[in-house]
Amino acid sequence: MLAAIATTVSSLMPSAGMSATSKIGRVWPIAEPDALSEIEGRAAHVPDMKSAYGPRQNWSAMKAATLGIAHADRKRTVVPFYTLDQDIRLADGKLLYAKGYSFNPLAYVSLPQRLIVVHPRDLAWALRTARPADFILLAAGTPGDGDAITLGERHGRALFLLEERVKVRLGLTVAPVIVAQAGQKLVLTEVDRSESKRRTAR
């Protein structure tokens, strides 16, 4: 009796070889190309950036905004009001906010990290001062300074260019400056890193 039960059960259970090739339901072959192969194929045809566009320091996208040099330690506040340049309407056409309406974005969102804006010559100071989540923005430097990509690769940290619109929006005039949110305002802490100040510190 036991032998008969064992034989019946074993006949109902698929073998290891059968389970490896068993199909349940309808199947179709994969029609889409392999994503990694597609990325590698396209990357192989990307032109060399230097030969296609010339030296990186001449790219317009790599031009940072200019700032003066801070000659005194100073704190000031800025409210980054934004003014709409067009009407904002709902899907049914009803006017929600009219062109010219101004508001303070900091009343609705918070800036979790600080912005540390420096000239390339003060990058070492910025790297020592920055917290892990802070953004380091580079203002325009001298012709011999490295660009943000090269300097970022050298120091193992993402660096960003200071754009003209960001400079204007935040009311920046000099660097180094640390930008941090305090309530519904931005506090700009300008830091004197001049040679005379460094000699006094020694």
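1. Let's start with Tyr101, which counts as partly exposed at 35% relative accessibility (buried is under 20% relative accessible area, exposed over 50%, partly exposed in between; 1.4 Å probe, protein chains only). Bear in mind that this is a predicted model: local features need pLDDT of at least 70, side-chain atom pairs count only at pLDDT 80 or more, and totals for chains, interfaces and linings use all residues. Numbering runs from 1 along each chain as its sequence is written, and side-chain values use heavy atoms, without hydrogens and water.

2. How many aromatic pairs does a search of the whole structure find? There are five (ring centres of Phe, Tyr or Trp, using its six-membered ring, within 6.5 Å; planes under 30 degrees apart are stacked, over 60 edge-to-face, the rest tilted). Take Tyr82 and Phe103: with centres 5.9 Å apart and planes at 70 degrees, the pair is edge-to-face. Tyr82 sits in strand β3 (residues 82–83) and Phe103 in strand β6 (residues 102–103), so this pair ties together parts 21 residues apart in sequence (strands are DSSP E runs of at least two residues, helices H or I runs of at least four, numbered from the N terminus).

3. Tyr82 is partly exposed, at 34% relative accessible area, and Phe103 is partly exposed too, at 23%. Tyr97 and Tyr101 make a stacked pair, 4.9 Å centre to centre with 25 degrees between the planes. Tyr97 is partly exposed at 37%.

4. Ring pairs join Tyr82, Tyr97, Tyr101, Phe103 and Tyr108 into a cluster.

5. Now look at His119, in the loop between β7 (115–118) and α5 (123–129). His119 is buried, at 7% relative accessibility. Leaving aside residues up to four places away in sequence, His119 touches Leu67, Gly68, Ile69, Ala139, Ala140 and Ala175 (contact is heavy atoms within 4.5 Å).
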